[in-house]
Amino acid sequence: MVKVGINGYGTIGKRIADAVKLQDDMELIGATKTRPSYEARMAVEHGIPLYAAKDAEVFEAAGIKMEGTLDDLLAQVDIVVDCTPGGVGAQYRDVYKGAGVKAIFQGGEDHVTAGISFNAMANYRDAYGADLVRVVSCNTTGLIRTLYPLTQAFGVDNVFASLIRRSVDPPASKGSGVNFIEPSLKLPTHHGPDVKTVLSDISIQTMAVKVPTTLMHVHCINVKLSRPATKDEVLEVWSRTPRVRFVRGGDGVRSSAQIMDMARDLGTRRGDMMDIVVWEDGVSVIDRNLYYYQAIHQESDVVPEIVDCIRSMCKLQDGAASSMAKTNATLGLKG
Ligand SMILES: NC(=O)c1ccc[n+]([C@@H]2O[C@H](COP(=O)([O-])OP(=O)(O)OC[C@H]3O[C@@H](n4cnc5c(N)ncnc54)[C@H](OP(=O)(O)O)[C@@H]3O)[C@@H](O)[C@H]2O)c1
């Protein structure tokens, strides 16, 4: 049993805690909080041992029982999943190294923080036995999930993607205006180079705009394939790809709103959609140009990747296929 700790119990951290609890080869030792928020109280209600990342006294004053400090947590675990806000994780790198624990960072950190960036399907073995690994961001995970199988099946000469980004996550009450469309002016955006931290040979450029929604990101993608393929051949490849799911506009799935409703109907925890969702009837191939739309549930798509990353770093499964099958079965994902 690999002992897992989580530093930072927010959007990603709470989902990793729940996912780890479902794995029979991992044990969740605890998670940290910096303040006695409602999330801290919910963690206690769910039986998650809490540790103070900073000042423990504020929790005592609020009547929340803590098991110790971050140092106490690190002393008990084999691996820590850093889920602190973007840029904060890098500040903990030396703390984790000093404690002699393996560490996973999130996409909010730069590639250099860990030196290895991860996606289970594309490069599981790169993280095998490693001490520091970064799991790429929600958008990068989404791009790799659908692009990697295309590189294997047809070859990819070039990718151009426009990212329509949610402004903030649903719990945020700050930072989400109601009347704006905000282009990222530094072009191409960082998302293309981020894909290359995993798929080093791919040629890709990206643009992005932020819009006033919280539910999902939507990507509009053009891929120049290396060899001709039909739409049906492309769909057949994705139908065999784990963690990629089709929806149809013809069935009434017109937008991210219906996808999130579907996720709630599926009965997933928190109504999450960890699969990348491709509109089947929005796929088109003209000459060697493939066009498609996909939706990304930013709060949850990285969760199965992080579970697989723990397995790779801790050498729990030799290869991606067996680890992903185990993760998919426990999280109820498309295998
Ligand atoms: N949300 C997404 O869309 C998404 C998707 C993929 C990847 N990511 C990446 O995942 C990472 C976490 O993002 P998130 O969305 O989960 O952020 P978040 O919801 O803001 O959660 C981060 C949590 O870290 C805690 N924290 C803050 N400062 C800390 C510190 N110094 N030490 C320990 N804990 C601290 C905060 O909890 P308290 O202060 O209340 O304890 C906060 O709830 C980022 O790198 C982000 O880029 C985010």
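In this structure, the buried residues of helix α5 pack against the strands β1 (2–7), β5 (79–82) and β6 (102–105), where two residues are in contact if their C-beta atoms, placed from the backbone, lie within 7 Å. This is a predicted model, in which local features need pLDDT of at least 70, side-chain atom pairs count only at pLDDT 80 or more, and totals for chains, interfaces and linings use all residues. Residues are numbered from 1 along each chain as its sequence is written.

**Helix α5**
- In α5 (residues 89–99), Gly89, Tyr92 and Tyr96 are buried, a residue being buried if 20 or more other C-beta atoms lie within 10 Å of its own, exposed if 12 or fewer, and partly exposed in between.
- These three cover an arc of only 55° around the axis, which puts them on the same side of α5; the arc is that of the directions from the helix axis to the C-beta atoms.
- The face of α5 turned away from its buried side carries Gln91, Asp94 and Gly98, which are exposed.
- Gly100, which follows α5, has a positive phi, near 70°.

**Ala114**
- Ala114, placed in the loop between β6 and β7 (117–118), is buried, with 24 other C-beta atoms within 10 Å.
- Leaving aside residues up to four places away in sequence, Ala114 touches Phe105, Leu132, Val133 and Arg134.

**Ligand shell**
- The ligand is surrounded by 29 residues, of which Gly8, Gly10, Gln106, Gly108 and Gln298 are the closest; a residue counts as near if its C-beta atom, placed from the backbone, lies within 6 Å of the molecule.
- The elements giving two or more residues to this shell are α1 (11–21) and β2 (26–33), and α1 gives the most, with 3 residues.

Conventions
Helices (H or I, at least four residues) and strands (E, at least two) are DSSP runs, numbered from the N terminus.
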